[in-house]
Amino acid sequence: MPRALLFLFRWVVFLAACIYLWRQWSAVESKVTLEWLRNAAMMQGGIWYSIAAVFSLMFVNWGIEAMKWKRLISPVERIDMARAYKATLAGAGVSLLTPNRTGEFVGRVLFLRPESRIQGAALTVLGSVSQLLVTFLCGTIGLVIYDRAHPLSMGTMVTTDAILIIAVVVSIALAALFISPRLIRRLLDLLPVLRRFDRHFHVLDQQTRGMLIGTMLLSTLRYAVFAAQFLILLGVFEFQVSWIDAIKAVPVIFLITTLVPTMMLTELGVRSGTTVLVLASVGGDATGAALASGALWVINVLLPAAIGSLVLLLARIRTNEVDT
């Protein structure tokens, strides 16, 4: 990437993150959340321990993702954990500008040598496939269990059966891609603009069984951490349902949220709306559900993305011309 284009790209990501942060901070929902936390803290001081736990797990969450990415790209380039963590956060910053946060790989590969970036991007896609696979597998199983006990009312346009069929089909497709990464290479080759990079995509054919199993285990661990954060926040916002029902509902919420196309300006609304829709079937408080979902998104997505945009702006990144 030319130095001038990289300079522009960094500033666009950083300014977009700043503008979005300001919009969210000024939003009515943010003020309601902060006021609720202030009042709750006055009545029960222990609430801050729960909030601290969620913030701590945020660093664990992204640390697991950084470890997974570092491990995946090790055949291409070996980097230390600190640089992998910075790259992962930078990817989160770039993802603010792309649908469903699909642009993470762009921010990450900038932290690799220029000659390693295309291979690194291909391996990053494999890591994303593993995380999606865990989300769909857990969500599909969760939907079957949850809907049987608490039938969901999805409206007239979409039925639970339709969501289940889509989830099963997508799960099978993702499993096929993950078990046989050469299929990802073939899909990439279908795009004429990418076909000329085919020689770089051979790294997908070289994935060992041990590498795939390790990647899947780390993706599952990250999913568990994310779910734990959500459950803690539901407790913080006094969502009045049993823990068993909440545990069964969380995979369904993650599944439906993943299925709905989102952009930066709509993701929070989709997450909150989905949470309220699913948890309403067990008689939970809509306000508590929305606040917990919003807080999870701010802590796990928006805050890391903001930090990542700053990391991307200040980091030393190698270009095809000279180091910057």
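A87 lies in helix α4, where helices (H or I, at least four residues) and strands (E, at least two) are DSSP runs, numbered from the N terminus. A87 is buried, its relative accessible area being 0%; buried means under 20% relative accessible area, exposed over 50%, and partly exposed in between (1.4 Å probe, protein chains only). Leaving aside its neighbours within four places in sequence, A87 is in contact with W69, G107, R108 and F111, contact meaning heavy atoms within 4.5 Å. Although A87 and L112 stand 25 residues apart along the chain, their C-alpha atoms are separated by 8.8 Å.

This is a predicted model, in which local features need pLDDT of at least 70 and side-chain atom pairs count only at pLDDT 80 or more, while totals for chains, interfaces and linings use all residues. Residues are numbered from 1 along each chain as its sequence is written, and side-chain values use heavy atoms, with hydrogens and water left out. The mean pLDDT of the chain is 82, and 80% of the residues score at least 70, pLDDT being the predictor's confidence in each residue, from 0 to 100. Among the elements of the chain, helix α10 (residues 209-236) has the highest mean pLDDT (93), and helix α2 (residues 28-43) has the lowest (55).

The chain contains 13 helices and zero strands. Of its 324 residues, 51% are buried, and among contacts between residues at least 6 apart in sequence, 74% join residues at least 24 apart.

In soluble globular proteins, nonpolar side chains tend to be buried together.

Charged side chains are paired as well, for the structure holds nine salt bridges, each a side-chain nitrogen of Lys or Arg within 4 Å of a carboxyl oxygen of Asp or Glu. K68 and E65 meet in one of them (3.0 Å, N to O), and, being three residues apart in helix α3 (residues 47-72), they are separated by about one helical turn. K68 counts as buried at 2% relative accessibility, and E65 is buried too, with a relative accessible area of 5%. E65 also forms a salt bridge with R222, the closest N and O atoms being 3.2 Å apart. Because R222 lies in helix α10 and E65 in helix α3, this pair ties together parts that are 157 residues apart in sequence. Salt bridges that share partners join E65, K68, E104, R108 and R222 into one network.

L5, L8, V12 and L97 make a nonpolar surface patch of about 330 Å². L97 is found in the loop between α4 (81-95) and α5 (104-109), and L97 is partly exposed, with a relative accessible area of 32%. Patches are made of residues with over 30% relative accessible area and no salt bridge, like charges being joined within 9 Å and nonpolar side chains (Val, Leu, Ile, Met, Phe, Trp, Tyr) within 5 Å.

Notes: Areas by Shrake-Rupley, 256 points an atom, 1.4 Å probe, with all protein chains shown as cover.
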